[in-house]
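Please look over the sequence and the model before reading the points. They go from the overall picture to single residues.

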Amino acid sequence: MKDAATYLGLSPHTRYVWRHRRQGPPSFRMGPRGRVMYRREVLDAWIREQEQADARSNTALSPLSAVPQHRSAGTVGV
């Protein structure tokens with residue numbers, strides 16, 4: 001788990017908390033001691049998903065790229 005945290009640029013504690021809360025990339029346990037493992041391609045896919053969900057990285061989500069809405073003549077703002 002320490003290597004996955006380093007790969008993601010996070011502290012091992014943050015990765016531990018995210019896993020406990022079922023946040024972050026999917027993981028699995030392997031071996032008799034139940035070592036927590038992450039597949040590199042899953043980490044990369046999760047990073048891409050985070051990037052696409054961020055309006056700063058995905059211009060389609062940016063409120064700055066939205067078409068302005070015009071009010072009708074009889075509408076008064078509150």
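**Notes on the model**

1. Of the 78 residues of the protein, 15% count as buried; buried means under 20% relative accessible area, exposed over 50%, and partly exposed in between, with a 1.4 Å probe and protein chains only.

2. Residues are numbered from 1 along each chain as its sequence is written, and side-chain values use heavy atoms, with hydrogens and water left out.

3. The average pLDDT of the protein is 84, and 77% of the residues score at least 70; pLDDT is the predictor's confidence in each residue, from 0 to 100. Among the elements, α1 has the lowest mean, 90, and strand β1 (residues 28-30) the highest, 94. Where pLDDT is low, the predicted coordinates should not be read in detail.

4. There are 3 helices and 2 strands, in the order α-α-β-β-α along the sequence. Helices (H or I, at least four residues) and strands (E, at least two) are DSSP runs, numbered from the N terminus. Of the contacts between residues at least 6 apart in sequence, 20% join residues at least 24 apart; a contact means heavy atoms within 4.5 Å.

5. Which residues make up the largest nonpolar core? The core has 6 residues: A4, L8, V36, Y38, L43 and W46. Helices α1 (2-8) and α3 (40-53) each supply at least two residues of this core. A nonpolar core is a set of buried Ala, Val, Leu, Ile, Met, Phe, Trp, Tyr and Cys residues joined through side-chain atoms within 4.5 Å.

6. A4 is in helix α1 and counts as buried because its relative accessibility is 8%. Leaving out residues up to four places away in sequence, A4 touches Y38 and L43. A4 and V36 are 32 residues apart in sequence, with 9.8 Å between their C-alpha atoms.

7. L8 is also listed in the core. With residues up to four places away in sequence not counted, L8 touches R15, P25, L43, W46 and I47.

8. Is R15 buried or exposed? R15 is buried, because its relative accessible area is 0%. R15 lies in helix α2. The C-alpha atoms of R15 and K2 are 8.2 Å apart, while the two residues are 13 apart in sequence.

9. R22 is in the loop between α2 (12-20) and β1. R22 has a positive phi of about 60° although it is not a glycine. Most residues other than glycine have a negative phi. R22 is exposed, because its relative accessible area is 80%.

10. Q50 is in helix α3. With a relative accessible area of 40%, Q50 is partly exposed. The C-alpha atoms of Q50 and G24 are separated by 9.5 Å, and the residues are 26 apart along the chain.
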